[in-house]
Amino acid sequence: MTQRVVVDEIGVRTEDGDHSFGWPWSEIQHISVSALAPEEHRFLYFEVTHESGEFMEIGETVNGFREAVRDIAARAGRSAPDLPALRASDPMAEIWPATTPDARHRP
C-alpha cells in the first residue's frame, strides 16, 4: 500500500517503505486531477500518464497528495486547482505538462 507521494527534481513517485515506483519528468506525458462521484462522498485523485500509455492513480488519502498537486502545478508554471471546489462533473484539471518549455526545469 502506498504510504506517500514524492514530487522532486527527478519526477513523481510513490513510496511504501522499501519500494518506490514512478517516472522521471522527461517520460511523463501528462498529469490531471479529478474528483470521483458521488458528490457527497467525492474522492480526489491525480493520474500520471507515462509516454508508453501506462498510468498510475494517486488518491487523496496518500500522504503528500495536496502538496504534490501544488508542486506539480508550480513546476509546470500553472496555477494549482482549487481542490475543495472540484466536483465529479468537472473535467479533469490538467496540471502537467509545463505551459512553457523552460518551466519543466524549475526546481
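**View 1. Arg66 and its salt bridge to Glu60.** Arg66 is partly exposed, at 42% relative accessible area; on this scale buried is under 20%, exposed is over 50% and partly exposed is in between, using a 1.4 Å probe and protein chains only. The closest N and O atoms of the two are 3.7 Å apart, and a salt bridge here means a side-chain nitrogen of Lys or Arg within 4 Å of a carboxyl oxygen of Asp or Glu. By that rule there are 6 salt bridges. Keep in mind that this is a predicted model, where local features need pLDDT of at least 70 and side-chain atom pairs pLDDT 80 or more, while totals for chains, interfaces and linings take in all residues. Numbering starts from 1 along each chain as its sequence is written, and side-chain values rest on heavy atoms, with hydrogens and water left out.

**View 2. Glu15 with two arginines.** Glu15 meets Arg4 in a salt bridge at 2.5 Å, N to O. Because Glu15 sits in strand S2 and Arg4 in strand S1, this pair ties together parts 11 residues apart in sequence. Glu15 also bridges to Arg13, with closest N and O atoms 3.1 Å apart. Glu15 counts as buried at 16% relative accessibility, whereas Arg4 is partly exposed at 42% and Arg13 is partly exposed at 22%.

**View 3. The open sheet S1-S2-S3.** Three strands line up here in the order S1-S2-S3, with antiparallel pairing; strands are DSSP runs of E, at least two residues long, and helices are runs of H or I, at least four long, both numbered from the N terminus. Two strands pair if DSSP finds at least two bridges between them. S1 and S3 (19-24) are the edge strands, each with a single partner, so one side of each has no neighbour in the sheet. Neighbouring strands are turned by 15 degrees against each other on average, direction ignored. S2 (residues 11-16) and S3 are joined by 6 bridges, and Thr14 has Phe21 as its bridge partner in S3. Helix H1 lies across S1 and S2, at about 20 degrees to S1; axes are lines fitted to C-alpha atoms, for helices over the stretch in contact, and angles run from 0 to 180 degrees between N-to-C directions.

**View 4. Ile72 in the largest nonpolar core.** This core has 26 residues, and Ile72 is among those touching the most other members, along with Val12, Ile31, Phe46, Val48 and Ile58. A nonpolar core is a set of buried Ala, Val, Leu, Ile, Met, Phe, Trp, Tyr and Cys residues joined through side-chain atoms within 4.5 Å. H1 gives the most to this core, with 5 residues. Leaving aside neighbours within four places in sequence, Ile72 contacts Val7, Val12, Trp25, Ile31, Phe46, Ile95 and Trp96, where contact means heavy atoms within 4.5 Å.

**View 5. Trp25 and Trp96, a tilted pair.** By the ring rule there are 3 aromatic pairs: rings of Phe, Tyr and Trp (its six-membered ring) pair if their centres lie within 6.5 Å, with planes under 30 degrees apart called stacked, over 60 edge-to-face and the rest tilted. The Trp25 and Trp96 centres are 4.5 Å apart and their planes stand at 40 degrees, so the pair is tilted. Trp25 is in the loop between S3 and S4 and Trp96 in strand S7, 71 residues apart. Trp25 is buried at 6%, and Trp96 is buried at 0%. The peptide bond from Trp96 to Pro97 is cis, with omega near 25 degrees.
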